[in-house]
Amino acid sequence: MLPTTSKGRSSSSSSSSSRPNNPMLIPYLRRIIKWQQMDIEYTFWQMLHLCTSPKVVYQHTKYHKQTKNQWARDDPAFVVICSLLLAVATLAYCAAYDHSTAHALFVILSVLLFHFLLTGVILATFCWFLTNSYLREEAPNSYVVEQRVEWMYAFDVHCNSFFPMFVLLYVIHYFLSPLLVAHGFIPVLLSNLLFMVGASYYHYLNFLGYDVLPFLERTTFFLYPIGLVIVLSPILILSGFNPSRYFMSIYFSRQI
C-alpha cells in the first residue's frame, strides 16, 4: 500500500514538493562539454563498486553532502561515460544483428534517448515526487530545516541503478545472445533468470539510494517491485516467454 502524506505538513510545503527546483542544473549541463573538469577516474571507481559494493558508493554520497551541501552529483561524467558505453554496446549488437547503417544509427539513438535518458527522467521524476510527497519524515518542530530530495539526486539514483543492469542486460547478454535467442526451454530459463537478476538489482540499488537519505522513512517501499519480479519470473518461464527474443526482435526482427 502506498504511504500517505504526513498530516503535519502545510499545503504550501506539499505544493512546493511537486515543482523541481534545480539551480545546479545549468552549470551541470555546461560541464558536459568540458572533459577536463570531469573526474573520470572516480566515475569508473563508482561504476565498479556499484556492481560489487554499492553501499560504499552511497557512503561517499554522504561525504559529498557534507562537502558540497548537496546530495546530487555536480559532475556529469557518470552520465556521459554511461551513455558512451551504452552506445558502444548497442553498436556491437547492430554489428552482429543488423546490416543497415541507417537503421543501426536509429537503434543507437533510440536506446540512448528512450532506454536510458527519457526513461530515467520519467522514473526520476516519479521517485522524486513520491519521496517528497509521501516518504519524508515529519519535522519534529518548526525550528528544524526541512529537507527535500533533489530531482537531480533522483536522476543520479536511476543512473547508479541502471549501470549494473546495463552490464547484465547489455554486455553479458550480448555474449550470451546466440544461446538466449535460440528456441527451447533452456534459452527461456536463462533469459528470464538474467532479466530477473538485472531488474531486481536495479530496484535494490534504487532502495539503497533513497535509504541513505536520513530524512526519508519507509524506503522499503522501493523493494516491493523485487517481489513482483520474483513472482512473475516463474510464470513467464512456464508460459515459454523469452524476453531476449522479445526485446531483440523489436529492433532486429529479421535476424532473430
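## Stop one: a buried arginine

Select Arg73. Its relative accessibility is 12%, so Arg73 counts as buried. Bear in mind that this is a predicted model.

Which residue does Asp156 pair with in a salt bridge? The partner is Arg73, and the closest N and O atoms are 3.5 Å apart. Asp156 sits in helix H7, while Arg73 sits in the loop between helix H4 (54–68) and helix H5 (77–97), so this pair ties together parts that are 83 residues apart in sequence. Is Asp156 buried or exposed? Asp156 is buried, at 4% relative accessibility.

## Stop two: the loop between H4 and H5

Stay in this loop and select Asn69, which also lies between H4 and H5. Check the backbone here: Asn69 has a positive phi of about 60 degrees, although it is not a glycine. Most residues other than glycine have a negative phi. Asn69 is exposed, with 59% relative accessibility.

Next, select Asp74 and Lys68. Their side chains meet in a salt bridge, 3.0 Å from N to O. Asp74 is partly exposed at 26% relative accessibility. Lys68 is partly exposed too, with a relative accessible area of 45%.

Where is Met38 found? Look in the loop between helix H2 (25–30) and helix H3 (40–52). Met38 and Asp74 are 36 residues apart along the chain, and their C-alpha atoms are separated by 9.6 Å. Met38 is buried, with a relative accessible area of 8%.

## Stop three: H7 against H8

Select residues 151–180 for helix H7 and residues 185–211 for helix H8. Two packed helices are described by the angle between their axes and the distance between the axes. Here the axes come within 8 Å and cross at roughly 165 degrees. The cut-off for roughly antiparallel is over 145 degrees, so H7 is roughly antiparallel to H8. H7 passes H8 in a right-handed crossing.

Color the contact by residue type. How many residues of the contact of H7 with H8 are nonpolar, polar and charged? The contact has 19 nonpolar residues, eight polar and no charged.

## Stop four: past H8

Move on to the loop between H8 and helix H9 (224–239), and select Arg218 there. Arg218 has a positive phi of about 55 degrees, although it is not a glycine. Arg218 is partly exposed, at 35% relative accessibility.

Glu217 forms a salt bridge with Arg218, and the closest N and O atoms are 2.7 Å apart. Glu217 is partly exposed, with a relative accessible area of 25%.

## Last stop: the whole chain

Clear the selection and switch to cartoon. The chain has ten helices and zero strands. From the N terminus on, the elements run α-α-α-α-α-α-α-α-α-α.

Then color by accessibility. Of the 256 residues of the chain, 46% count as buried. Finally, turn to the contacts with a separation of 6 or more: residues 24 or more positions apart account for 80% of them.

Key
Residues numbered from 1 in each chain as written. Predicted model: local features only at pLDDT ≥ 70, side-chain atom pairs only at ≥ 80, totals over all residues. Heavy atoms only, no water. Axes fitted to C-alpha atoms, helices over the stretch in contact; angles between N-to-C directions. Helix = DSSP H or I, 4+ residues; strand = E, 2+ residues; numbered from the N terminus. Parallel < 35°, antiparallel > 145°, perpendicular 65-115°, else oblique. Left-handed = near helix turned anticlockwise from the far one by under 90°. Nonpolar A, V, L, I, M, F, W, Y, C, P; charged D, E, K, R; others polar. Salt bridge = Lys/Arg side-chain N within 4 Å of Asp/Glu carboxyl O. Buried < 20%, exposed > 50% of the residue type's maximum accessible area, 1.4 Å probe, protein only. Contact = heavy atoms within 4.5 Å.
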